[in-house]
Amino acid sequence: MRGKVRIQEIADFAGVSKFAVSRALSGKSGVSAKTREKILRVAGQLGYFKNNEQQQHFTGELQEFEEVKWDGTIVVMFPNLRYQNKEHIYWGPVFEGVSSRLRQRGLDIITITEPSDDNVFKLLNPAAIQGIITIGTVSTQMLLKIKQMDIPVVMVDHSDPVFACDTIFTDNFNSMQQMMMTLISKGYRKFQFVGNIKDAQSYFDRWLAFRSALENCQIELQQDPMLIGPEAQDIYLLFKQYRPVDLPEVYVCAHDVNAKFLIEQLGYLGIEVPARCAVTGFDNTCDTHPILATVNVNKELLGMRAVDQMLWRIQNPGTAHEKKLIYADVILRENYAYPLSGEAEQEEHEAAEAEAQ
């Protein structure tokens, strides 16, 4: 049986005072937003918010939603207006999937961006809302406010230990592992991962798959820690400090946007891609740069399946929360391959033989 999580345990784990923990958990002033977010995350990881959580019991019967005539409203929340909105190259199609599926089901939609305070929740009437679908990363503080509304929530491409709910993800691990195995089968052995692995759960899963593939193939991990730290969230910021000395054969980027900017920054340093190294991405959002491989995420399907999961949850509130994974296909563009030394020599030999004939 789980013991009750104490304030001191949270303070010790987070490296802050009991006073700071107490203020953060009670929602009072006296701690910075960054410290509050850290404390709430640690508390969630230790199980603090489950102490007083009422456990729902499965009755042994499942209700189907296919034949239900739906009405009401679903709230769709974009956490960050600048990066996560319906015009975004990645999040836009996800939103289109959500909205088209809701129209099919006859449900209304309210779109909001993450507010700076809880005023928006005072305006929303929980009784008139069927549920909330969040798209992308949501702050822990905001999730705790949503939790108080006690209505179904489905999160797309995000999870948080403070709030257990249904989630929809691309199968990041298996898709990245397949891409890595494809690259390794082509003869590549020197890799560097690029991207802030703590910026999103999906990026961390891709990093784990990257490491796993190298380990499975007995290839030594020689990762530059700067390339997976906070600096890697902004490639321009990263290149103020990072100067590649020993180039890998392949830079494996957390997503296509990272890959695009990385290729540009390497070009400014006189390192042409793919002549001197290859670059891969993820999400399939860029076709203007020489990206060797990417993963074609079905973004609209993510949104549609989030709606299906919401309707399932409304009909079956007592069942265990679910994490759905949607598999994605690897795209390999051979014309952007970095020619390994052995391959280059083989090509020259074949060309010489052809001339001799």
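Is R105 buried or exposed? Keep that question in mind while you select R105, which in this predicted model lies in helix α4, the run of residues 91-105. R105 has a relative accessible area of 16%, and because buried means under 20% relative accessible area, R105 is buried.

Next, select helix α1, residues 7-14, and colour I10, A11 and A14, which are buried. These three cover an arc of only 100 degrees around the axis, which puts them on the same side of α1. An α-helix has 3.6 residues a turn, so residues three or four places apart point the same way. If you turn to the face of α1 that looks away from its buried side, you will find the exposed residues D12 and F13. Step past the end of the helix to G15, which follows α1 and has a positive phi, near 75 degrees.

Then show α2 (18-26) and α3 (33-46), against which the buried residues of α1 pack. Keeping α1 and α3 in view, look at how their axes, 9 Å apart, meet at an angle of about 120 degrees, which makes α1 oblique to α3. The crossing in which α1 passes α3 is right-handed.

Finally, select the residues of this contact: from α1 they are E9, I10, F13 and A14, and these meet K38, I39, V42, A43, Q45 and L46 in α3. Coloured by type, the residues of the contact divide into 7 nonpolar, 1 polar and 2 charged.

Definitions and conventions
Residues numbered from 1 in each chain as written. Predicted model: local features only at pLDDT ≥ 70, side-chain atom pairs only at ≥ 80, totals over all residues. Heavy atoms only, no water. Buried < 20%, exposed > 50% of the residue type's maximum accessible area, 1.4 Å probe, protein only. Helix = DSSP H or I, 4+ residues; strand = E, 2+ residues; numbered from the N terminus. Arc of directions from axis to C-beta. Contact = heavy atoms within 4.5 Å. Axes fitted to C-alpha atoms, helices over the stretch in contact; angles between N-to-C directions. Parallel < 35°, antiparallel > 145°, perpendicular 65-115°, else oblique. Left-handed = near helix turned anticlockwise from the far one by under 90°. Nonpolar A, V, L, I, M, F, W, Y, C, P; charged D, E, K, R; others polar.
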